[in-house]
Amino acid sequence: MDFRFPPADDTHRIDVSRLDMPPRILLGPGPSNYHPRVSLALAMNEVGHLDPSFIELMNENQELLRYVWQTGNPFTIPVSGTGSAAMEATVANCVEPGDVVLIGCNGYFGERLCDMASRYGADVRRIERPWGEVFDDAEIAEALDIHKPAILGIIHGETSTGAAQPMDGIGKICREFDCLLLLDTVTSLGGAPVFLDRWHVDLAYSGSQKCLSCPPGISPLTIGPRAWEKINRRKSPVPNWYLDMTMVGKYWGKERTYHHTAPINMNYALREALALIAEEGLEKRWDRHAQNASVLWDGLSDLGIDCLVERRFRLPSLTTACVPDGIDPKAVCSYLLENYNIEIAGAFGPLAGKVWRIGLMGFNSRLENVTLLLAALKDALESA
Ligand SMILES: *Cc1c(COP(=O)(O)O)cnc(C)c1O
């Protein structure tokens with residue numbers, strides 16, 4: 001046997017010289033670039049997952065997450081894993097077999113929630129709208145009356161369509177029907193106003209790599225008191241060991257009981273990304289996203305490009321721009337990547353080939369990025 005690398009037989013040669021990745025400007029649906037302070041945080045000294053300094057940082061992360069979400073929920077933690085892990089945690093903990101779960105399906109992520117809920121034995125019911133549209137309170141009330149669900153799942157920022165679901169009235173309606181409200185805030189948290197407690201949201205999750213501008217791999221989760229009542233009444237254990245919040249909660253709570261090793265450096269990164277939000281201030285951050293999105297929308301319109309979503313329902317963090325007739329959307333994405341190091345994305349499902357998805361998320365929501373993108377897009381369209 002020969003244990004040298006690369007192997008002497010030369011069959012699996014890969015280049016193991018120093019790693020070098022291209023300096024992309026990530027203006028797609030996520031991940032987004034992060035602030036240099038987040039990079040530095042990632043590189044800090046490693047400590048143990050029960051080190052007093054790490055426990056202090058855990059408390060800071062919980063407090064900062066409550067701030068960005070505008071919630072007082074004691075159970076507010078970052079889950080180890082990407083946004084989908086925190087999404088699955090809401091479903092795995094709250095759904096018991098046979099529960100009626102109503103899901104708002106107006107894009108790809110509503111479909112993902114349906115898939116997850118059905119895998120945990122839910123009786124999944126759907127309320128539908130075409131991709132790019134949002135639900136109104138009256139149709140939500142009507143659907144709650146028909147289906148009498150235990151949980152309503154809604155996507156606040158549909159990254160597949162660019163639509164922002166108005167949230168002022170839905171929570172109150174859910175309370176009237178004694179239904180828990182589960183909200184996906186992956187593409188809105190840190191980029192658009194989110195008021196979990198005012199909106200009466202019982203369970204919510206997010207991701208680190210969208211408007212929080214942190215690397216992917218750690219994901220905020222919050223569970224309010226009404227949802228805990230349901231979890232505490234479960235007849236069977238949470239059918240997912242890794243995401244069982246009755247156990248993970250003992251590590252994040254007073255007991256500090258080991259469950260799994262926390263991703264230490266990802267928690268550093270999240271702490272720094274959240275501290276940057278607190279320093280900027282939530283309202284200023286939301287205004288910055290709104291202003292830069294508005295410059296983007298006007299600039300697209302000057303290029304003769306329409307936006308899919310009606311202006312008042314657009315997400316400031318993710319814009320779906322309609323591909324002009326005769327243009328190959330994939331060729332434009334490749335052109336931007338090759339010539340400008342800019343990443344934007346196409347779409348899938350009913351919007352495949354019809355729109356580009358342009359993200360201005362967190363640290364990346366800056367005027368210079370918008371200006372560069374518009375110029376690069378103009379160049380790409382002229383070269384097509
Ligand atoms: C990105 C995203 C997710 C999933 O997050 P991952 O980090 O990709 O697992 C869920 N919901 C929405 C709305 C998203 O944009």
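Reply: We begin with residue classes. Ala, Val, Leu, Ile, Met, Phe, Trp, Tyr, Cys and Pro count as nonpolar, Asp, Glu, Lys and Arg as charged, and the others, Gly among them, as polar. Please bear in mind that this is a predicted model.

Me: How many cavities of 30 Å³ or more does the structure hold, and which residues line the largest cavity?

Reply: There is one cavity of 30 Å³ or more, and the volume of the largest cavity is about 60 Å³. Its lining is formed by Ile77, Pro78, Val79, Ser80, Tyr242, Leu243, Met245, Val248, Tyr251, Trp252, His260 and Ala262. Two elements, β2 (76-80) and α8 (245-252), each give two or more residues to that lining. By class, the lining of the largest cavity has 10 nonpolar residues, two polar and no charged.

Me: Let us turn to helix packing. How is a pair of packed helices described?

Reply: Two packed helices are described by the angle between their axes and by the distance between those axes. For helix α10 (residues 282-302) and α12, the axes cross at roughly 15° and come within 9 Å. Because angles under 35 degrees count as roughly parallel, α10 is roughly parallel to α12. The crossing of these two helices is right-handed.

Me: Which residues of α10 and α12 meet?

Reply: From α10 come Asn292, Val295, Leu296, Gly299 and Leu300, which meet Leu367, Val370, Leu373, Leu374 and Leu377 of α12. This contact has eight nonpolar residues, two polar and no charged.

Me: At what angle do α11 and α12 pack?

Reply: Helix α11 (residues 329-340) packs against helix α12 (residues 367-383) at an angle of about 120°, and their axes are 10 Å apart. That angle makes α11 oblique to α12. The crossing of α11 and α12 is right-handed. On the α11 side, the contact is made by Val332, Tyr335, Leu336 and Tyr340. On the α12 side, the residues are Leu372, Leu373, Ala376, Leu377, Asp379, Ala380, Leu381 and Ser383. The classes in the contact of α11 with α12 are 10 nonpolar, one polar and one charged.

Note on methods
Residues numbered from 1 in each chain as written. Predicted model: local features only at pLDDT ≥ 70, side-chain atom pairs only at ≥ 80, totals over all residues. Heavy atoms only, no water. Axes fitted to C-alpha atoms, helices over the stretch in contact; angles between N-to-C directions. Helix = DSSP H or I, 4+ residues; strand = E, 2+ residues; numbered from the N terminus. Parallel < 35°, antiparallel > 145°, perpendicular 65-115°, else oblique. Left-handed = near helix turned anticlockwise from the far one by under 90°. Contact = heavy atoms within 4.5 Å. 1 Å grid on protein atoms, 1.4 Å probe; cavity = no way out; pocket = protein on both sides within 12 Å on 5 of 7 lines; lining within 4 Å. Points joined across faces, edges and corners; volume = space filled by probe spheres on them.
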